[in-house]
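Let's take a walk through this one together, strand by strand. Have the viewer open and turn things around as we go.

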Amino acid sequence: MKPLYELKNIYYQYPDGTIALDNINMKIYEGEVVAIIGPNGAGKTTLLKILDALEFPKKGEVYFEGKKLEERLLNDIEFMKYFRKKVGFIFQDPDTMLFSPTVWDDVAFAPLHLYDKDTAIKVTEKVINEMNLNHIKDKHPYNISGGEKKKSSIAAVLSITPDVILMDEPTSYLDPKSRNYIINLIKDLKSKNKTIVFVSHDPNLITLADRCYILNKKIIAEGTPREIFSNVEILEENNLDVPEITKLFKLLLDDKDLISKINIDNLPITVDEAYNILKDLLKSKT
Amino acid sequence: MVNSVKLINKTVEHVIKYISEAVFSEKFARNKDGFLQKLDPRIKIIGLIILVITTVSIKHIKVLLFLYILSLVFCILSRIPLLYYIKRVWLFIPLFTGIIILPVIFLTPGHPIYIILKKPYYIAITYEGIKYAVLFTLRVATAISYTVLITLTTRWDEIMKALNSLGVPDIVITIMTLAYRYIFLLLNNVLEMMYSKKSRLCRNLKLKESWIIAGKSMGALFIKTQRMGEDIYYAMLSRGYLNEPRIFTNFKVKYYDIIFLCFIILISSISLGYDRLIL
Ligand SMILES: Nc1ncnc2c1ncn2[C@@H]1O[C@H](COP(=O)(O)OP(=O)(O)O)[C@@H](O)[C@H]1O
Ligand SMILES: [Mg+2]
């Protein structure tokens, strides 16, 4: 299978000299959910900006559907429209995405620029209804709650039904209810076979990924969430967290009296997995 | 001292909130039934700018009063609360005119009304000085009134689109749009900073202390706002923005617009003629 994105030896430096990315090689396939994990300042946001062709690497190449992404290609209106419809970027801070006088206008911004006016109105109304934003659609984005802002900024991207969705720390600063909303949204998008690349520290989110990269300017590790979470040293070195449930089982396994009684191949990384292990364990007792 | 800090904070907070809510939510611009809201934005901008130019050329208070009252009539017809409008205009007047006008009141030669000093310099408030001050203030107020009417009754995107179709280049439009959003961000960041500082500090700061902290925060604030501004531009690009404003409504000049423009030209000619030839 040909990759959707292929990154070759990417190097990125900001004008002030900060090196954000160094020698990144990465492939992302269609329909995949990829998590990017890394400490603050690791270059995660910069990487997403490169994937969205907002920034271009100083060295190295990015290929999207086999085409090299460069400024010249994005200046071609045909390609620009194709690419912008195909790839949506949900920024970390919804305030940067909400700049219109009403929520409705913000949701309509992308459709208005990428479709004809009638279609734009239609798709905007559709996504507003689907995401239950009717009660806030006429409000100024300044006057809505944090969770509503996040939802509006998501609607502003989903209005063009992109096939590839980039999300920068989608659950940061959100309350538990909104966090669950994001988790379900990712599950839903995954079931629709969308390609998702997200940045997150949130173990509950990371377990949704098919594949993870640990990034700290360079790629430190790559693997499935399970492989990544069992690599405790690397996680600790990079200030990253393991799901609480995994920690619990690690403690149990480290206990010499118990180790013979629990017999598992893999540490659980989700509550569901832990539930199954415990269920089997308790059943075998009786 | 402590109270003065509190007062400044309160005032700044109030002003910022006011601007964020009133200006950026474009509440009145979206009321499509208003007299000015119904106009084609291009015609409206041209018409009101004609009135601004007329206003600054007028030399008699009577004519200016007439033009000022006309702006109030426009305001009422556009369903903007009169008091809100008047406040909005006069809020800025002291800043603009105070500096220019104060010396004029004392320095214009003429009949003294109140003598302040005889020696070593003769300083007096004169009748001519006052008259000039009133004329000048009223002229500025009227000109600002018409300009404020444009921004109150037209959405920002529409103003940009109108200016664009009247020949203002794309790059200027993009810069103005970004500047508009940048100001909003900056205001919000200031507000956020004030709130977060309030919750962190239990005791009240002395004025000097608070200035030191403000100075330090200022740097951080500008870097943060600058990066956010950059991200806003990226967020626009990411959603297909191409340095060209796009809006849902198509501009179309109707009879209503032509009648409005004729009316404005008539009013301007009469005002100017009366001002120059008769008075
Ligand atoms: N606009 C910018 N100008 C200069 N340096 C920047 C800019 N944006 C980010 N950086 C720096 O680049 C590095 C990587 O930033 P970023 O990609 O935002 O990291 P992350 O998202 O992983 O926290 C950081 O050291 C950050 O301070
Ligand atoms: Mg980041």
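Bear in mind that this is a predicted model. Start in chain A with an open sheet of 6 strands, ordered β6-β7-β8-β3-β9-β10, with mixed pairing. Its edges are β6 (87-90) and β10 (218-223), each of which pairs on one side only. Going from one strand to the next, the twist averages 15 degrees. Now pick out β3 (residues 33-37) and β8 (residues 195-199) of chain A, which run parallel and share 4 bridges. A handy landmark here is V34(A), which sits opposite V197(A) in β8(A).

Two helices of chain A pack on this sheet. Helix α3 (residues 77-86) touches β6 and β7 (164-168) of chain A, and its direction makes about 55 degrees with that of β6(A). Helix α7 (residues 146-158) of chain A also touches β6 and β7, but its direction makes about 170 degrees with that of β6(A).

Next, look for the other sheet in chain A. This one is open too, with 4 strands in the order β2-β1-β4-β5 and antiparallel pairing. Here β2 and β5 (67-68) of chain A are the edge strands, each pairing on one side only. Helix α1 (residues 44-51) of chain A packs on the sheet and touches β1, β2 and β4, with its direction at about 55 degrees to that of β2(A).

Let's zoom in on β1 (residues 5-13) of chain A. With β2 (residues 19-28) of chain A, β1(A) makes an antiparallel pair joined by 6 bridges, and I10(A) stands opposite I24(A) in β2(A). The two strands form a hairpin with 5 residues between them, and G17(A) in the turn has a positive phi of about 100 degrees. β1(A) also pairs with β4 (residues 59-64) of chain A, again antiparallel, over 5 bridges. In that pairing, Y11(A) has K59(A) in β4(A) as its bridge partner.

So what holds the greasy parts together? In soluble globular proteins, nonpolar side chains tend to be buried together. The largest nonpolar core here has 81 residues, and Y5(A), L7(A), I36(A), L69(A), F83(A), M167(A) and F198(A) are the ones with the most contacts inside it. Take Y5(A): beyond its neighbours within four places in sequence, its contacts include M26(A), I28(A), L51(A), F64(A), L69(A), F83(A) and V164(A). There's also a second, separate core of 46 residues, with I43(B), I45(B), L48(B) and F136(B) among them.

That brings us to chain B, which has 10 helices and 2 strands. Of its 279 residues, 41% count as buried. Among the buried ones are W156(B), I159(B) and L163(B). Just after α7(B), G167(B) takes a positive phi of about 110 degrees.

Finally, find ligand 1. It is surrounded by 15 residues, and the closest are G41(A), G43(A), K44(A), T45(A) and T46(A). Residues from both chains A and B surround ligand 1, so the site is shared between chains. On the chain A side, an N or O atom in the side chain of T46(A) is 2.5 Å from an oxygen atom of ligand 1. From chain B, R227(B) has a side-chain N or O atom 3.3 Å from a nitrogen atom of ligand 1, and a polar side-chain atom of E230(B) lies 3.2 Å from a nitrogen atom of ligand 1.

Methods:
Residues numbered from 1 in each chain as written. Chains lettered and ligands numbered in written order. Predicted model: local features only at pLDDT ≥ 70, side-chain atom pairs only at ≥ 80, totals over all residues. Heavy atoms only, no water. Pairing = 2+ DSSP bridges. Core = buried A, V, L, I, M, F, W, Y, C linked by side-chain atoms within 4.5 Å. Buried < 20%, exposed > 50% of the residue type's maximum accessible area, 1.4 Å probe, protein only. Contact = heavy atoms within 4.5 Å. Axes fitted to C-alpha atoms, helices over the stretch in contact; angles between N-to-C directions. Near = heavy atom within 4 Å. Polar contact = N/O pair within 3.5 Å; in protein donor to acceptor, adjacent residues only side chain to side chain.
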